[in-house]
Amino acid sequence: MRLDNPFPRMLMAMSVLWLAGTMNAAAAEQPAAKPAEEVIKVVYHADFADPRRFSAMLSNIYNMVSTYQSELKEYDVRIVFLSHGIRFVTQDKLAGTPFAEDAAFKQRRADLMARLASLRDTEGVKLELCDITRQAVSLPAEKIIPGVKLVPSGVVRIAELQHQGFAYLKVE
């Protein structure tokens with residue numbers, strides 16, 4: 001009867017354990033993989049006529065995107081306009097409609113439109129208008145300011161964006 005020498009098997013087992021321990025230690029020293037930065041997604045709902053309120057919303061959006069930019073965070077900020085909000089995306093006075101220009105808006109229109117254009121052009125804020133509202137007042141699409149995307153329904157669009165993970169904000 002022949003007895004095998006257990007020494008080579010023990011040496012092999014110890015080598016395997018040492019190698020496994022070394023690999024675990026090396027892995028522990030490696031920094032954990034950084035998760036991909038998520039895009040911060042926000043949708044603002046503009047269905048009101050008040051120019052003071054619209055101004056406050058524009059200020060909120062500017063402050064938000066400025067903060068994200070200073071923190072080097074990616075963002076996707078949108079404004080969905082419907083109902084009375086249509087007045088903020090056209091130079092048309094909308095005379096004879098429930099959304100017609102009033103004295104308060106007439107006085108502030110140029111400033112508000114310039115601020116909105118700056119958010120769109122400089123800060124990348126996306127603008128979307130409810131086509132149901134546009135059709136209800138018979139406003140030709142050519143009278144919408146540049147850079148505004150028509151969506152079939154403003155409220156449906158807001159729901160879709162929320163379903164895609166957008167935070168919903170409405171300035172009161």
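Colleague: How many aromatic pairs are there by this rule, and how do I read one?

Modeller: A pair of aromatic rings is described by how far apart the centres lie and by the angle of the planes. This is a predicted model, and the count comes to five aromatic pairs. Take Phe54 and Phe81: their rings sit 6.1 Å centre to centre with 55° between the planes, a tilted pair. That pair links distant parts of the chain, since Phe54 belongs to helix α2 and Phe81 to strand β2, 27 residues apart.

Colleague: Is Phe54 buried or exposed?

Modeller: Phe54 has a relative accessible area of 0%, so Phe54 is buried. Phe81 also comes out at 0% relative accessibility, so Phe81 counts as buried.

Colleague: And what kind of pair do Phe54 and Phe88 form?

Modeller: A stacked one, with 3.9 Å centre to centre and 10° between the planes. Again the pair links distant parts of the chain: Phe54 in helix α2 and Phe88 in the loop between β2 and α3, 34 residues apart. Both Phe54 and Phe88 are buried.

Colleague: Which residues do the ring pairs link into a cluster?

Modeller: The cluster holds Phe48, Phe54, Phe81, Phe88 and Phe105.

Colleague: Let's turn to the helix. How many residues does α2 have, and how far does it reach?

Modeller: Helix α2 covers residues 51-70, which is 20 residues. From its first C-alpha to its last it reaches 28 Å, close to the 28 Å expected at 1.5 Å a residue. Check the start of α2 too: a side-chain oxygen of Asp50 comes to within 3.0 Å of the backbone nitrogen of Arg52.

Colleague: Which residues of α2 are buried, and what do they pack against?

Modeller: Among them are Pro51, Arg53, Phe54, Met57, Leu58, Ile61 and Tyr68. The buried residues of α2 pack against β1 (40-46), β2 (75-81), α3 (103-121) and β5 (167-169).

Colleague: Now the sheet. What is the order of the strands?

Modeller: Strands of a sheet pair through backbone hydrogen bonds, either parallel or antiparallel. Here you have an open sheet of five strands in the order β4-β3-β2-β1-β5, with parallel pairing. The edge strands are β4 (148-151) and β5, each pairing on one side only. From one strand to the next, the twist averages 25°.

Colleague: How many bridges join β3 to β4?

Modeller: Four bridges join β3 (residues 126-130) to β4, and the two strands run parallel. To find your way there, look for Leu127, which stands opposite Val148 in β4.

Colleague: Which strands does helix α5 lie across?

Modeller: Helix α5 (residues 154-163) lies across β1, β2, β3, β4 and β5, and it runs at about 160° to β2.

Note on methods
Residues are numbered from 1 along each chain as its sequence is written. This is a predicted model: local features need pLDDT of at least 70, side-chain atom pairs count only at pLDDT 80 or more; totals for chains, interfaces and linings use all residues. Side-chain values use heavy atoms; hydrogens and water are left out. The expected span of a helix is 1.5 Å times one less than its number of residues. Buried means under 20% relative accessible area, exposed over 50%, partly exposed in between (1.4 Å probe, protein chains only). Contact means heavy atoms within 4.5 Å. A polar contact is a pair of N or O atoms within 3.5 Å; within protein, one must be able to donate a hydrogen and the other to accept it, and residues adjacent in sequence count only if both atoms are side-chain atoms. Rings of Phe, Tyr and Trp (its six-membered ring) pair if their centres lie within 6.5 Å; planes under 30 degrees apart count as stacked, over 60 as edge-to-face and the rest as tilted. Two strands pair if DSSP finds at least two bridges between them. Axes are lines fitted to C-alpha atoms, for helices over the stretch in contact, and angles run from 0 to 180 degrees between N-to-C directions.
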